[in-house]
Amino acid sequence: NNNNNNNTIQIESQISKATTLILTIKEIQRSLCLLVNSNLSQDKGDARKIVEDRSLALQNIRYERDHLTKEIRSCRQLECSFLLRMAKDELGILTANASANAAGTANSGTGTGKGME
């Protein structure tokens, strides 16, 4: 009978130790999960910031590209009468508009018909 009481006490003691160890393991696991989740959240926030920064930089570059493309188109469409006169005088070059005008005058009998005067 005494032997059964000792066995029961030992079993209860081991159950108590096991329960304490299980609770300790659960506490460590919770702490580990919180640590991992906080690191993941921080890493995710850092990655999001990098993506947002690069996206903004890309958006700025696209805006600048579009702006410069419009400026180039505008410059190409600009006709400077002084430069056209200088090209005609020095190089004998006519622009497309001047060539069209020359062709029109050639058809009317006043031009040379060659596009250059």
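What share of the 117 residues of the chain counts as buried? The share is 3%. The views below come from a predicted model.

View 1. The chain contains three helices and zero strands. Read from the N terminus, its elements follow the order α-α-α. The chain exposes about 10,600 Å², and carbon and sulfur atoms supply 56% of that area. Buried residues make up 3% of the 117 in the chain.

**View 2. Confidence along the chain.** The chain has a mean pLDDT of 81, and 79% of its residues reach 70 or more. Among the elements, α1 has the highest mean pLDDT, at 91. The lowest mean, 53, belongs to helix α3, which covers residues 96-107.

**View 3. The segment of residues 106-117.** Over this segment, pLDDT stays under 50. For these residues the model has 10 contacts beyond four places in sequence.

**View 4. The salt bridge between D53 and K49.** The count of salt bridges in the model is two, and one of them joins D53 to K49. The closest N and O atoms of this pair are 3.2 Å apart. Both residues belong to helix α1, which spans residues 2-77. D53 and K49 are four residues apart in that helix, so about one helical turn separates them. D53 is partly exposed, and its relative accessible area is 41%.

**View 5. The salt bridge between D66 and R65.** Here D66 pairs with R65, and their closest N and O atoms lie 3.3 Å apart. Are these two side chains set in the open or covered? For D66, the relative accessible area is 37%, and the residue counts as partly exposed. R65 is also partly exposed, with a value of 48%.

**View 6. A nonpolar patch on the surface.** Which residues form this patch? They are L32, L35, V36 and L40. Together these residues have about 370 Å² of accessible area. One of them, L40, lies in helix α1.

View 7. How many disulfides does the structure hold? The number is zero. C33 is partly exposed, at 40% relative accessible area. C75 has a relative accessibility of 52% and counts as exposed, because the cut-off for that class is over 50%.

Methods: Residues numbered from 1 in each chain as written. Predicted model: local features only at pLDDT ≥ 70, side-chain atom pairs only at ≥ 80, totals over all residues. Heavy atoms only, no water. Salt bridge = Lys/Arg side-chain N within 4 Å of Asp/Glu carboxyl O. Helix = DSSP H or I, 4+ residues; strand = E, 2+ residues; numbered from the N terminus. Buried < 20%, exposed > 50% of the residue type's maximum accessible area, 1.4 Å probe, protein only. Patch = residues over 30% accessible without salt bridge, like charges linked within 9 Å, V, L, I, M, F, W, Y side chains within 5 Å. Areas by Shrake-Rupley, 256 points an atom, 1.4 Å probe, with all protein chains shown as cover. Disulfide = S-S within 2.5 Å. pLDDT = per-residue confidence, 0-100. Contact = heavy atoms within 4.5 Å.
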